[in-house]
Every structure is written in structure tokens, then in C-alpha cells.
Amino acid sequence: MKWLGRLFKGLLVLGLLAAGLIWYLLRPEQVPTRLILTGGTILPMAAAAATPGPEAILVEEGVITAIGTLAQLQESGAPVHDLEGQVLAPGLIEPHTHPIATALLGAVVDVSGFSHTSRAEVMQTLSQAADGRALTPWLVAYGWDPVAIADLSAPTLAELDEIAPERPVVVITQMLHEVFANTAAMQASGISLAAPTVGEPHGIIRDAQGRATGAFRELEAVNAILGAMPAANPAVIELLVRRAYTSYAKAGYTTIGITGAVGKHPDPVGLLRHIGATGGPLRAYLYLLPHQGKDLGGSDDFRVLGTKYWMDGSPFTGGAAFAEAYEHSDLTSERMHIPHGHLGPVNHDPGDFSTNVAKLQAQGHQIAVHAQGERAIDQVLDAFEAAAPNPGLAHRLEHNALITPAQIQRAKALGISLGFFVDHIYYYGDALPDIVGTRADRYMPVGAAMRAGVVTTLHGDHPASPIDALRTLRTAVDRTSASRQTVTAPEQALTRYEALSAMTRAAAQQLGQEELIGSIEVGKRADFTLFNGNPLTADWQALSVAGTWKDGQPTQTGLGGWLRFGPALAAVKSMLF
Ligand SMILES: [Zn+2]
């Protein structure tokens, strides 16, 4: 049987060679740890706008150690890295995003308004997907969007049962506040089909006879139906999250703020900590959900900063706690099912919320609160005002769709930063007058916040919008909808410089990391975004992200990037060593 041993050895050698080749192909691009960057346009985005920017910067061991002319820096003897005409800016920072949900919902059936224009198209996608393979035994579709798709009336139970008579189906709306389920999914979740049971979760929509319709509205009901859904394999989720990280990097981001680790995983905080500790193209800063404990801290690659709350919901589901009723229109009444005179609820009792804020603040937690409507914003400001002052701990208000000038002044006085979800204007700008009426004229008042001197930032809240930093930047500047038909509150526009500051220096301030990142200044980390074209002047069509650097090294955004530290690398290593 000697031949068998030889064959085995031969195969082993071949296997090792193949593994070595894979390792070589997937290896990270490395540059010297000490080098001079020059030969392009450098945008420092420091406090004072320097025009023109410096000719060169010196990077040593991942830190910017000198800025000046090429001749000055060449005295250091460091090698020169030519930017080849590209534009170098501080690494872009996305301060409000949800990478696990982005990863998971990116892997399910897409029924969104980003890729469909009619109900017929959406239903066809659902039918086709019913026979396909999926991450879990359930068919999960995400992105149902009656605001973006004009004829998108809710799917009936009969329709979903016909698409999948036996397999559980859930269709999740784009803003994550409503779910439609078929009979199999409701049976698997233990939902009573024929009549309501005593004490069942709020928001299970039933017909006049008490029968479940398959619709589940807002948190309690949505959790009741999705809670029964089997989770995907954690190793698969890790790969998907790593792939999502490379999507952020490809879009130009070098840092993300995770405002709530939402997404179905047994230990989402542990997963993010693990990814942060094992390399990748992003720094990540996490805000815990209230039930995820109190432990702060970490490293410059992954750090827990505080806690995230939701004070209200989405303007596109009737969840935003406005001061005045939603506009009464066909869209709100027929497609969004918002009752006439509806104001939108706040999620927390004022007393309880203030107590929690005071407690967390005393423990050093930075608190980020989702608040879209004026009533939600007031309640958050009240709680921040009532908590004992804690200098050096600037809390955050998130989204701020209808924040008023007076509330902006209150936020300023309390040292609170304001983050704006400007992509609403891009995706829903055409529909806004039908939802908020003339209040569209003061929707997402980014310009007012920035001109008031508040720390003002921009975010995409993925998966609520697709990851695309340049779209976010451009929308803050032109405030134009995707159809190019509607410009929402044009006087709230930022200049390009202001928009880029909001996505770099201000976002670093918001995360409390301005000593580390956010501008090109001596002593800061060498985190960069490289552009083809100048984001301050180029035609938007001619502008693209060429790549990112973190800690003085180009990040991997290809296949190798997300395989590099994952199970695939572990497998290759175990064969090699
Ligand atoms: Zn969010």
C-alpha cells in the first residue's frame, strides 16, 4: 500500500501549495510603516480651512507625525508614496449605523424600493424567492416600502400563503417597523390565528372577526413574530458582518458608530468585539441596547461608548412623535394606514427615562437617542437637562427630522450633538409633503444646526438606506430626491466643505474621538479616504472613492479583505502550520 502513502503525500503537498497560493492572493497590500504621502491634493479638514492644503504628510507607525512641503519632510529620509493625483481626506466616519442588521438583511430577499418600482415587480420577486435557498428555513424578505412604491398596498394573508403554503414567510418593511407573515410563520410563532388571546402583544392586526391578518405593527408585535424565526449559523453571520465591514470601507468609511447592535445573533456585542479585536478595515464604536449590560471600554479598534435608546419611531410608519398630526393624504391613510389626527407615540415614560439617563450618565455612558418628532426631542432634552451635568460627556440626538430652532438652541446649551438622516430627503423627498405637509420646509434642518454652532453630523442608518457615503454627502449639499423632482428645504443645504466636515471632524467629535481621528493633523491616526476627483469641487458624476487607509495601511476591500481574518484564513493556517 506504499502507493497510497505516496498519493496521500502528493495530495498533501498539492494542498499546501494551493493554500500558499490562496494566502498569497489574499494577502493584504502593505506599504512601509514610515512614508511620505504626496503627489495629490490633501484636504486636512482641520478646524481652520487651509487652502490650499499641504504638499505632503509624514506617516510613522500609523500616526501622522509631520505635515509640510515635500522638501521639508524628505529630510526624515522616509520613502515617498505617490498619490498619483488622487485626493486624500481624513477617513470618512459613519456615526450611526447597524452593521449586523445590514449584513443579515443584505443576505435576505430584497423587495425594496431601491430595486423595484411596482407592486407587481415586488410580488414577482417574492414568488421567485419562495423556491430558492436561504440562510434559514424561513423565507425572509426585507425592504417592503409603500412610501417609495406608489401602488404597494399591503400583501394579503392569502397572497403570502399562496407564495409559500408550507414554508414560513415574513416580509419586513424598509423602516423595520412592520412585518407581514403567512400562516405557516404565525403557526411557528404560536400566534393564535382564529381569535386574540388574553395578553397577546400589542400590534397584531386582526380583522372584524378577530382573525389574524398577518400584519404585525411596531416593536412588540414585530418581536413576537420575528422572535420565533430560527437564527442563521453564527459563523455565517460573522462572515456576513465582515463582508458588510468591507462594504463600508469600499464606500469610503474608515470608522463606524454602531447605534445599537440590532440583528438576530446570540451575542451581538461579543461578535462586534471579536471582529474589532481581529482586524478589519474599520474602527467601530458601539452604543449598547439597555439590556446589553453596562460595560464600557475597549481599544482604538473597538470601543463601547454608551447606550442607545429609541424615543419614537419612523416618520414613514406613523411612528415619529410629531407635535402636530400627520398630513391627511391618500398616502398616509390608504397605504401607510395612519389614522386621521395621529401624532405618533413616545416610547418611554418621562420619569423612567430621566432616571435611566441620570444613572447611565453617572456611570460615564454617552447616550444616543433616536428622536424624529418634536415631542420625542423635547422629552429627550428634558431628561438630559434634568440629569446632573457631567462635563466631557456630550450626549447625542439621532435623526432629528422635525427638530425646531428652539430645540436646536436647547441642544446647543446642553452640549448635545445632532446627527441627521439626510437620506430621507433623497429616498422620500417626493413623498414628504404627503406625510408632513408644509413641515417639509423645515425637514432635516442640517444647515440651521450647523450654523447654530452645534456639533452636526450626517448618517445613513443602514440598513434603512444602502451604504453610499457619496450619496449622503451629496444629499446634504443639494437636498434633492432620487427622482431629481424635489428639493427639500433648500435653505438647509450645507456647503461641500461643511458636509465633508460633518462626515469627518464633527463625526469624530460626536464619538468623542477627536484626539484620534477626524482630520489630518499631527498626532492623529493615519486613517484616510482617497477620492478620484475633489469632493469639494468635482462634478458629482466624476467623483468616486478610490480606497481607504487605516493606521497608515491601505485596507483590504476585495474578497481577501473579508476572508483574511475569518474562518477561511483559520482553515488555511491550520493546513499550513
Ligand atoms: Zn438607527
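**Exercise 1. Is Arg119 buried or exposed, and what is its relative accessible area?**

Solution. The model is predicted: local features need pLDDT of at least 70 and side-chain atom pairs pLDDT 80 or more, while totals for chains, interfaces and linings use all residues. Residues are numbered from 1 along each chain as its sequence is written, and side-chain values use heavy atoms, without hydrogens and water.

Step 1. Take the cut-offs: buried is under 20% relative accessible area, exposed is over 50%, and partly exposed is in between (1.4 Å probe, protein chains only).
Step 2. Arg119 has a relative accessible area of 15%, so Arg119 is buried.

**Exercise 2. Describe the salt bridge of Arg119 and Glu159.**

Solution.
Step 1. A salt bridge needs a side-chain nitrogen of Lys or Arg within 4 Å of a carboxyl oxygen of Asp or Glu.
Step 2. The side chains of Arg119 and Glu159 meet at 2.8 Å, N to O.
Step 3. Arg119 is in helix α4 (residues 119–129) and Glu159 in helix α5 (residues 157–163), 40 residues apart. Helices (H or I, at least four residues) and strands (E, at least two) are DSSP runs, numbered from the N terminus.
Step 4. Glu159 has a relative accessible area of 24%, so Glu159 is partly exposed.

**Exercise 3. Describe the salt bridge of Arg474 and Asp478.**

Solution.
Step 1. The closest N and O atoms of this pair are 2.9 Å apart.
Step 2. Arg474 and Asp478 are separated by about one helical turn, because they are four residues apart in helix α17.
Step 3. Arg474 is partly exposed at 22%, whereas Asp478 counts as buried at 19%.

**Exercise 4. Which residues coordinate the zinc ion?**

Solution.
Step 1. Donors are N, O and S atoms within 2.8 Å of the metal (3.2 Å for Na, K and Ca); water is not among the atoms, so sites may look incomplete.
Step 2. His96 (NE2), His98 (NE2) and Asp461 (OD) coordinate the ion at 2.1 to 2.2 Å.
Step 3. Along the chain, the donors follow the spacing H-x1-H-x362-D. His96 is in strand β7 (residues 92–97) and Asp461 in the loop between β21 (456–458) and α17 (469–478), 365 residues apart.
Step 4. Both His96 and Asp461 are buried.

**Exercise 5. How do strands β1 and β3 pair?**

Solution.
Step 1. Two strands pair if DSSP finds at least two bridges between them.
Step 2. β1 (residues 34–38) and β3 (residues 56–60) pair in the antiparallel sense over five bridges.
Step 3. Ala56 in β3 is the bridge partner of Thr38.
Step 4. Both strands belong to an open sheet of four strands in the order β4-β3-β1-β5, with mixed pairing.
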